[in-house]
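Student: I have a structure to go through with you. Could you take me through its contacts once it is on the screen?

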Amino acid sequence: MRNLIILASIQFKELLRKKDFYVFLVFLLGLLFFFYQESFFNVTNVSRYMKDIGLSLVTLFSVIITIVFSAKQIPAELESRTIYPLLAKPVSRADFVLGKFAGSFLISAFSFTVFYALYVVMVTLKAGSISLAMGLQAYILFLCMYAILSAFSILFSLFLTLSANISLVFLLYFLISWYNGILRSLCLKASGAKAFIFNAAYYILPHFEFFDTRIRIVHGWPPIPLWVLSSIVVYSLIYTAVLLWAAISSFNKKSL
Amino acid sequence: MKLKYSLIIILSVFSIAMLSSRIDGYMEKYISQNNPGGSYESGLYRMIGEFRDYLSYAAFLNADIYYHGGVHGMKDDPDDEDFGHIENHFEQDSPVKKTGNFLIDIADRAVITDHKHLNPAEDPELIPWLYYSVRLDPKNELAYVMCGYWLADRLNKSDDAINILREGIRNNPDSWKIPQQLGEIYLLKKKDYAAAAEALAMARDNMSREKEPVPVLDRKGLYILLADAYAKAGSPEKALAIVEELRGYLPDDPYLPEKAEYYRALIK
């Protein structure tokens, strides 16, 4: 556990040292301010566009930070050969992978928390308030999503080059977020062997749509029922655990 | 390093795109006040070309999505006045039923699959997307028409509607839909019958130059409005001529002889 904390804290310091996070923060602040002061024909009571675009930007910037930082961790250690003295110490390969994941997730969670807090403040100034229950649900679910994305990037970084890894995880995220409805329809309409294949694919592929609560927040829909929220959190924990188990198994077999 | 620079470039372009809509708004206002016959081509339009058209279409679709509580409208709404009600988005498979696939059951409860209509108090929420739609693509006729309709009919801002529709006419001089909407606002909201007749006559001229056949109901809608505007502006003989012209297109319409008779009585 101590090893994990040390590895994670080193990574977290890297986030604060590098400029990427600050670039996103300044852009987000600028864009939120721009949307905050937008006026459309002097019409009052207009705020949903800001909730919508603002949350999309927060999500996108956090996804970028999560994927890019997570994908860089292991290849950077291999490239600079700093992994060898690290593994020579009493740090197992499993500790190393889990530490890298913990650090990446910490970075994602911190970035998202800062962006989300800024978003909530700006939206509250413009629109009055955001439902507390919905705001909390969104926060929890987005964190779960970043855990899965981070685990994917760590796993793929063991097999792919940095650019291929980043591209693949982005592709996976956007394709599944946009086209999950097609797979759902195929599962329900197919029969026999086809139904089995589609349902298996549905279980295997990650479901990023579970975590996207933008429509609920923007359009004033009620919060997700508690048992559904709990199921999604458990789903994300299991999915992340399986990805990390795969990453540790692969890393154990990898010759350095 | 390359990644960082790419991100900065992407974010900068995005920021310029956002600012461009504001700059375009000021330029359109300046042209309408100082050079009514002039036109203005946005800097961003020149930079990203036709991609802006797609963005404009996306913004226009977003207005529809907002009207339906965040999901695509399934079909034309049979009862437009039934605000706030919730309809099932999937026709065949209800999202509250169990499907046999646990994850689909979860998805159907986590993801919004119903649609609801905006309450009248929430009507302003559509305006930003219609605004962005016309700013992104000044050739998007339908966006101008919807923007004008929404401002005048739903938000009671007829003057703003007239300004945006006049801008639409400047950018789409061959359109008949935009001057028709403008004429309708002058006729029904502003009660300025001469201005209404002028705008609707322009719409009729543009319609007559249409290369594609115009649906007969669209023609009827425009001609009836134009005749009404002429009659109220004190020219019942022009109103009668319009109705007679329309009878050429709709010889079996039982309503038109009655309307013609009414205008004849006004002439007498």
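**Chain A against chain B**

Tutor: Between chain A and chain B there are 15 residue pairs in polar contact, both residues at pLDDT 80 or more. A polar contact is a pair of N or O atoms within 3.5 Å; within protein, one must be able to donate a hydrogen and the other to accept it, and residues adjacent in sequence count only if both atoms are side-chain atoms. This is a predicted model, in which local features need pLDDT of at least 70 and side-chain atom pairs count only at pLDDT 80 or more, while totals for chains, interfaces and linings use all residues. Residues are numbered from 1 along each chain as its sequence is written, chains are lettered from A and ligands numbered from 1 in the order in which they are written, and side-chain values use heavy atoms, with hydrogens and water left out.

Student: What area is buried between chain A and chain B?

Tutor: About 4400 Å², of which carbon and sulfur atoms give 70%. Buried area is the accessible area (1.4 Å probe) that two parts lose on being put together, summed over both. A:Phe41, A:Arg184 and A:Trp221 supply 19% of the area that chain A buries against chain B, more than any other three residues. The contact (heavy atoms within 4.5 Å) takes 50 residues from chain A and 49 residues from chain B.

Student: How many salt bridges cross the interface of chain A and chain B?

Tutor: The rule finds two, a salt bridge being a side-chain nitrogen of Lys or Arg within 4 Å of a carboxyl oxygen of Asp or Glu. A:Arg48 forms a salt bridge with B:Glu122, with the closest N and O atoms 2.7 Å apart.

Student: Changing topic, how many aromatic pairs are there over all chains?

Tutor: The search of the whole structure finds 37. Rings of Phe, Tyr and Trp (its six-membered ring) pair if their centres lie within 6.5 Å; planes under 30 degrees apart count as stacked, over 60 as edge-to-face and the rest as tilted. A:Phe112 and A:Tyr139 are stacked, at 5.6 Å centre to centre and 20° between the planes.

Student: What does the pair of A:Phe112 and A:Tyr139 tie together?

Tutor: A:Phe112 lies in helix α5 (residues 93-127) of chain A and A:Tyr139 in helix α6 (residues 132-156) of chain A, so the pair ties together parts that are 27 residues apart in sequence.

Student: Is A:Phe112 buried or exposed?

Tutor: A:Phe112 is buried, at a relative accessible area of 0%, whereas A:Tyr139 is partly exposed at 23%. Buried means under 20% relative accessible area, exposed over 50%, and partly exposed in between (1.4 Å probe, protein chains only).

Student: And B:Trp150, where does that residue lie?

Tutor: B:Trp150 lies in helix α6 (residues 141-154) of chain B and counts as buried, at 4% relative accessibility. The side chain of B:Trp150 reaches the backbone oxygen of B:Asp123 at 3.0 Å. Not counting residues up to four places away in sequence, B:Trp150 touches several residues, among them B:Tyr67, B:Leu126 and B:Leu155.

Key
Helix = DSSP H or I, 4+ residues; strand = E, 2+ residues; numbered from the N terminus.
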